[in-house]
Amino acid sequence: MARRLALGLDLSTQSATASVVDVDDPSRAVLSPPPSVHYLDDPRLAGRFALGGDFVLPPREPGDACQPCALFAAALDALLGDVASGLRRLGRHPSEVVAVSVSAQQHAHVWLARGAQKCFEALNKPQESKDLEALLADAWSTPLVRIWRTSCTKDDADAMIQRLQAAGENVIELSGSNAPLRFSAFGIRRTARSEPEVYRNTVLIHQLSSCVTAVLIGHCDAPLGTTDKIDHFALAEARTRL
């Protein structure tokens, strides 16, 4: 019987981590300890992205909290490389991966530029460089990922809540929450108001998790739900990233 592996990827605020399990024996981790790329300590990333000790870029205003798109591309590249080398040391091969699940920090979102699809489609073709950071450099309409630590969005949250109330809607009934400032919708509105040119040049806004999915399948249009359905993944090109 063919050996089958499932790969889990998690991009958090501080690191990117992978877990690999045998599909036919999911209680056993294939790679132990799980490969992990720490944004500040890993020599492949350390000192390259101007992150502070709190893992975010210097704020542009009080309450601003962003990390670079390039950070996540480089971390994903390094992590997949570690997974591949770890499997080969065990006599296993990346081609055994039949399912992938992706998770990432909540509310982090990525803005894709017009023309980004060309960058994603290029991932499906042989390239002189397999450096994700370079291959995706032109995919972002802004190089910044606004993350869950954002708290400069009170005006945006208030404005959206007022619009809902005027329409007879209740934000808690709609979302199950009282609209914390970190919510993606408020961060998106903040960026659109403060950087209208970025908004005009944007074709798609991804959650970080679905953006990783888009990278793996080589197509920028990766539905949000795809990241939670490991049995629905198109893996042919995901394997080439390993």
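## Cysteines

In this predicted model, Cys 211 is buried, with a relative accessible area of 4%. Cys 152 is likewise classed as buried, and its relative accessible area is 9%.

The structure as a whole holds zero disulfides. Cys 152 takes part in none, the nearest cysteine sulfur being that of Cys 66 at 7.7 Å. Cys 211 is also in no disulfide, and here the nearest cysteine sulfur, at 7.2 Å, belongs to Cys 69. Because a disulfide requires the two sulfur atoms to be within 2.5 Å, the 7.2 Å from Cys 211 to the sulfur of Cys 69 leaves Cys 211 without such a bond.

## The largest cavity

Three cavities of 30 Å³ or more are counted in the structure, and the largest of them contains about 100 Å³ of space. Its lining includes both Cys 69 and Cys 211, together with Phe 72, Ala 73, Leu 76, Val 110, Leu 136, Trp 140, Val 145, Leu 208, Val 212 and Val 215. The elements that give two or more residues to this lining are H1 and helix H8 (208–217).

In terms of residue classes, the lining of the largest cavity divides into twelve nonpolar residues, no polar ones and no charged ones.

## Helix H1

Helix H1 covers residues 69–89, a run of 21 residues, and spans 31 Å from its first C-alpha to its last, which is close to the 30 Å expected at 1.5 Å a residue. The helix is mostly covered, with 15 of its 21 residues buried. Just after H1, Gly 91 adopts a positive phi of about 80°.

## Aromatic pairs

There are three aromatic pairs in the structure. In one of them, the ring centres of Tyr 39 and Phe 72 are 6.0 Å apart and the planes stand at 90°, so the arrangement is edge-to-face. Tyr 39 sits in the loop between strand E4 (36–38) and strand E5 (66–68), whereas Phe 72 belongs to helix H1, so the pair ties together parts that are 33 residues apart in sequence. Tyr 39 counts as buried at 1% relative accessibility, and Phe 72 counts as buried at 5%.

Another pair, formed by Trp 111 and Tyr 199, has its ring centres 6.1 Å apart and its planes at 70°, so this pair too is edge-to-face. It links distant parts of the chain, given that Trp 111 lies in strand E7 (residues 109–113) and Tyr 199 in helix H7 (residues 196–200), 88 residues apart. Trp 111 is buried, with a relative accessible area of 1%, while Tyr 199 counts as partly exposed at 45% relative accessibility.

Methods. Residues are numbered from 1 along each chain as its sequence is written. This is a predicted model: local features need pLDDT of at least 70, side-chain atom pairs count only at pLDDT 80 or more; totals for chains, interfaces and linings use all residues. Side-chain values use heavy atoms; hydrogens and water are left out. Helices (H or I, at least four residues) and strands (E, at least two) are DSSP runs, numbered from the N terminus. The expected span of a helix is 1.5 Å times one less than its number of residues. Buried means under 20% relative accessible area, exposed over 50%, partly exposed in between (1.4 Å probe, protein chains only). On a 1 Å grid over the protein atoms alone, a cavity is a set of points where a 1.4 Å probe fits but cannot get out, and a pocket is an open set with protein on both sides within 12 Å along at least five of seven lines; lining residues have an atom within 4 Å of a point. Grid points are joined across faces, edges and corners, and a volume is the space filled by probe spheres set on the points. Ala, Val, Leu, Ile, Met, Phe, Trp, Tyr, Cys and Pro count as nonpolar, Asp, Glu, Lys and Arg as charged, and the others, Gly among them, as polar. Rings of Phe, Tyr and Trp (its six-membered ring) pair if their centres lie within 6.5 Å; planes under 30 degrees apart count as stacked, over 60 as edge-to-face and the rest as tilted.
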